[in-house]
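Please keep the sequence and the model side by side while reading, and turn the model as each part is named.

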Amino acid sequence: MPAAYPSTLPGVLRSKRRRQAPPWALLGSRRGPAYMLNTGTVPPVFFEVEWIFTAEQALLFRLWFEAIIGRGALPFTMALRTEFGLLDHVCQLLPDSLLPASEDGGTWRYSATLMTAAQIIPAEGLALATGLTTDYPAALPGVLQAGKRREREASFAVPQPDAGASQAEATGADRPVVWSVQWVCTQEQAQLLMAWFVVTLERGRLSFRMPIRTEFGLLWHACRFLPDGLMSATQEGEVWRYSASMQARSESIPPDMLEAAPLLLGLDDWASWGSVLDVVITATLPEA
């Protein structure tokens, strides 16, 4: 049995970061549709943690580290706070940045990276996914507007000729769009988000539909998670922050806006005519 973390010592600080590897591989490139290959393994989870000890607690912690878990080589059990409360995890210290320490007036601060075999979700957490579909749950907040970033691949290439001006060549109109997004959730919202992500989306392997605010308003996109930075989480007290990269097959633009583009571009103050144009385009003009 793994050794237990001493019950007389305080737990890690509640401001910590968690990251995980995906249980699938993304095949194909971002220059076209890709698909997921299930690896059939449950990925490990990594916690970047910190402790703050008094001098007496630091002495006990070092004795436990040196003598009980073999200077970090042996696994141990430790309670870590997650979206679902304080849960026991079987942990292993990673060798990178192993317990760097700083002292400030008799207070000792340690940091480390812990690896656990899998993210633990209790039965009551799994039950939250009952009835959920791959559509983004309406009870969850949308992604943050500040800091949201969008990238796209070009639908053309510009070969460099040996002499003369270069010419743009179309490479196809279907180019995926990548969104770098963040969420800020309460504890209850964080529980629902993780239940949806782990159970309904099979840890992010399945595609899903989600409303994303664009220049044209809040539009639904067909999305899938990318493996880089997959739902990294940071706990700050009772607030949970998540970040991820999502890929949409293409950028959504309302067809009415595309049809009205020649008219809008010909107006000096097109926004003031928006309500009138909406009635004309959607109600007055016959369907093509």
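Predicted model: local features only at pLDDT ≥ 70, side-chain atom pairs only at ≥ 80, totals over all residues.

Residues are numbered from 1 along each chain as its sequence is written, and side-chain values use heavy atoms, with hydrogens and water left out.

The protein chain holds five helices and 17 strands, where helices (H or I, at least four residues) and strands (E, at least two) are DSSP runs numbered from the N terminus. Of its 288 residues, 35% are buried; here buried means under 20% relative accessible area, exposed means over 50%, and partly exposed lies in between, with a 1.4 Å probe and protein chains only. Among contacts (heavy atoms within 4.5 Å) between residues at least 6 apart in sequence, 69% join residues at least 24 apart. The chain exposes about 16000 Å², of which carbon and sulfur atoms supply 57%, the accessible areas coming from the Shrake-Rupley method with a 1.4 Å probe and, for residues, with only the protein chains shown counted as cover.

R17 stands opposite T234 in β16 and opposite E48 in β5.

In strand β5 lies F47, which counts as buried because its relative accessibility is 4%. Leaving aside neighbours within four places in sequence, F47 is in contact with K16, R17 and R18, and also with L80, H89, A112, T113, L114 and T116. F47 and T234 are 187 residues apart in sequence, yet 9.5 Å apart in space, C-alpha to C-alpha.

Where is space left open in the protein? Rolling a probe the size of a water molecule over the atoms shows where empty space is left. On a 1 Å grid over the protein atoms alone, a pocket is an open set of points where a 1.4 Å probe fits, with protein on both sides within 12 Å along at least five of seven lines, and lining residues have an atom within 4 Å of a point. The largest pocket has a volume of about 220 Å³ and is lined by 18 residues, of which G11, M78, A79, L80 and L86 lie nearest its centre. Strands β6 (76-82) and β7 (85-93) each supply at least two residues of this lining, and β6 gives the most, with five.

Two further residues complete the tour. Q187 has its place in helix α3, residues 187-200, and is buried, with a relative accessible area of 16%; not counting residues up to four places away in sequence, Q187 touches T82, E83, F84, G85, E238 and W240. P227 is found in the loop between β15 (217-225) and β16, and counts as partly exposed because its relative accessibility is 24%.

Key: Pairing = 2+ DSSP bridges. Points joined across faces, edges and corners; volume = space filled by probe spheres on them.
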